[in-house]
Amino acid sequence: MSDYQPIQTPTQAENTTAAKPGTAGERLRQFLKTPLWTGLSLTLLGLCLGLLSLVLAATAYQKLNGTELFLSYFSNPLILFLNLLPPVGLIWLFYFLSRRPWCAYLGAALPVLGLSLGNYFKISLRSDPVLALDLGLLSEAGGIVGHYTLDFTWIVWLSLACFLLGLVVAVLLIPKGKQGWKYRLIGTAVCVVLGAVSMPALYMNHDIYITKTANNDCINPWSDVEVFSSKGCIYPFLYSVKDVIPTPPAGYNRDEAAKELSRYPDADIPEEKKVHIMGIMLEAFCDLTDFPLAAEQPAVAQVYERWHALEQESVHGDLRTNIFAGGTVDSEWGFLTGYTAHDEFRKVTDSYVWYLKNQGYQTFGSHPGYNWFYNRLNVNQYLGFDEYWFTEDHYGPLVDPVSAVYRSDHVLVNELLTQFKDRVQDGPAFSFSVSYQNHGPYEEGALDGEEYMTPAATGMSQQSCNIWNHYLHGVSDTIDAVSTLRDGLAQMDEPVILVLFGDHKPWGGNGNSAYEELGANFDLSTEDGFDQYYSTPYIIWANQAAQEVLGSTFVGEGGDFSPAFLMTKVFDLAGWEGPGFMQMGRELRDRVTPLVHVRNLYWQDGLTDTLSPEDTDTLNRFLRAQYYRETAVEPQKD
């Protein structure tokens, strides 16, 4: 037998070594095929998605220190747990369903990063977080986002890079599962059950959200967006799901609420006092001269001269809205219904429109925008409008839908005036319209023509001056349009009340940068900051014929209050008692508070979040009646 053994080449030797069982390389390859590796890697990917979501949450609001806020999450283990559990749970759910790691990863990454990036951009652009209620507006989101410039910061690019890296790991390094259907069925069931149990027990628990996850050291606890951000993104979003489901106020009992409301019977409008009403909610309308720096600019003061003149011949004041730079229907529906808070209307709902309709009023209006926006086509019918014009059925040939945001108020006013003069011949009329002109955002490039603000005169940056110049250019045109409307109504022999109000403050740069340079105080822990952030003007004007019929001059300070009390103020001035619910609201306004804010804030000789037991009882009776009226009352249809 020969002792000869062939000489191995280096390559052959390496291959032989690599193939030997027990070597490091082989052990690694074997480990990468084990269930332990699959479990660790999938869980780690889920945790990474959760941490990436927290990074985006911490850096979205420019006023906050992103690094400080991100580190604060680790000081509260419950915040970490509640934000990291959903992506880990999702990745395991989709793994049990598909057995494919890449599918499991995408099933978790797409909703988690989609939500986190959406929240990042929404807060950056509009200082408003993504809530569960926003999911009902997904069809409208494209139209909204198209007007803004998305700022793809390094955080955004890092997030996209991490997403791709995770996908590569899931495709190349994690093997396909070999579990049988029984194992997968059990795993899927466990994930579903855990999710179903944790939602009410953890994610929708009020005490956990308010107390146990309080993280206020580096935020302003009076700011909704900062409180949201202080808890991450996934967890506060899931907490907001409770707002999608109608939740009755504490102590609500349908029969007792009905009995309480019945104590205030509806009162008819005297025939001899029936005057026509025209209301217009002006998109993003505010008085910038409320800010001293703007008021000092002669061109800005000149823009508002006609508005201030109209105020002097009207009852006027400020609304304290629930919203800022968006959410326009909150003010709109508050005026039409008297509700201080409400869910999205999905059925016929009692309102002041129905009351006026049943008092013999024609009910109609206009919006030179699309009828699907905020589902106004259906909601306006639910609230009692007989007719409503939109882009699709009226304004399309008159106003280019794309440019309506810049030029539509004069068209709107002319159409309303013509329609109103025609319709009042058929009996008392209630017209309510929503303008579209001046919808944000506003261009950051230079304005062609007159400049209302300049860096030299204000000390602001050119970009902020440009934003306000474009806004003021539109507002100047709006004031000209409503002045034309006022003049037209003044010439009418028919008695008319005109109601004008802004829905919310306008957008002012990403992170409110243009407001900051303007010197705005948006510290919501102070009364001044609260007022500057949430206030919009209103005017209630009456032509000579209406003043004579109602025996009032309609001039003077009207006070400041929530939008829910604006129609009540109109009825006060007209001498109308109104429906029972309005009477109940009037009692709350006069005896307890003219402000009922969604942030549980009230006004009693100053801003407060605490009421006496007696006042709390009055408020709660109103809120229970409000919920009953919205959910259980079928409007009478005469």
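Which residues do ring pairs link into a cluster? Ring pairs join Phe291, Phe324, Tyr442, Trp468, Tyr471, Trp507, Tyr515, Phe522, Phe530, Tyr533 and Tyr534 into a cluster. The model is a predicted one, in which local features need pLDDT of at least 70 and side-chain atom pairs count only at pLDDT 80 or more, while totals for chains, interfaces and linings use all residues. Residues are numbered from 1 along each chain as its sequence is written, and side-chain values use heavy atoms, with hydrogens and water left out.

**Aromatic pairs**

A pair of aromatic rings is described by the distance of the centres and the angle of the planes. Rings of Phe, Tyr and Trp (for Trp, its six-membered ring) pair if their centres lie within 6.5 Å, and planes under 30 degrees apart count as stacked, over 60 as edge-to-face and the rest as tilted.

| Pair | Centre to centre | Angle between planes | Class |
|---|---|---|---|
| Tyrosine 339 and phenylalanine 581 | 5.8 Å | 70° | edge-to-face |
| Tryptophan 468 and tyrosine 515 | 5.0 Å | 75° | edge-to-face |

Tyrosine 339 lies in the loop between helix H17 (329–337) and helix H18 (352–358), and phenylalanine 581 in helix H28 (residues 580–591), so their pair ties together parts that are 242 residues apart in sequence. Helices (H or I, at least four residues) and strands (E, at least two) are DSSP runs, numbered from the N terminus. Tyrosine 339 has a relative accessible area of 2% and is buried, and phenylalanine 581, at 3%, also counts as buried; here buried means under 20% relative accessible area, exposed over 50%, and partly exposed in between (1.4 Å probe, protein chains only).

The other pair links tryptophan 468 in helix H23 (residues 462–490) with tyrosine 515 in helix H24 (residues 513–518), 47 residues apart. Tryptophan 468 is buried at 0% relative accessibility, and tyrosine 515 is buried with a relative accessible area of 0%.

**Helix H25**

Phe530, Tyr533 and Tyr534, which are among the members of the ring cluster, are also among the buried residues of H25, together with Gly529, Asp531 and Gln532. Because six of the eight residues of helix H25 (residues 527–534) are buried, this helix is largely enclosed by the rest of the structure. The elements that cover its buried residues include helix H11 (224–230), strand E2 (315–320), strand E7 (535–542) and strand E10 (607–608).

**Proline 246**

Proline 246 is found in the loop between helix H12 (234–239) and helix H13 (254–262), and at 43% relative accessibility it counts as partly exposed. Leaving aside neighbours within four places in sequence, proline 246 is in contact (heavy atoms within 4.5 Å) with Asp343 and Tyr627. Although proline 246 and tyrosine 627 are 381 residues apart in sequence, they are 9.1 Å apart in space, C-alpha to C-alpha.

**Cysteines**

With a disulfide taken as a pair of cysteine sulfur atoms within 2.5 Å, the count comes to zero disulfides. The sulfur of cysteine 48 is 8.1 Å from the closest cysteine sulfur, that of cysteine 162, which is too far for a bond. Cysteine 191 is likewise in no disulfide, the nearest cysteine sulfur, in cysteine 103, being 14 Å away. Cysteine 48 is partly exposed at 41% relative accessibility, whereas cysteine 191 is buried, with a relative accessible area of 18%.
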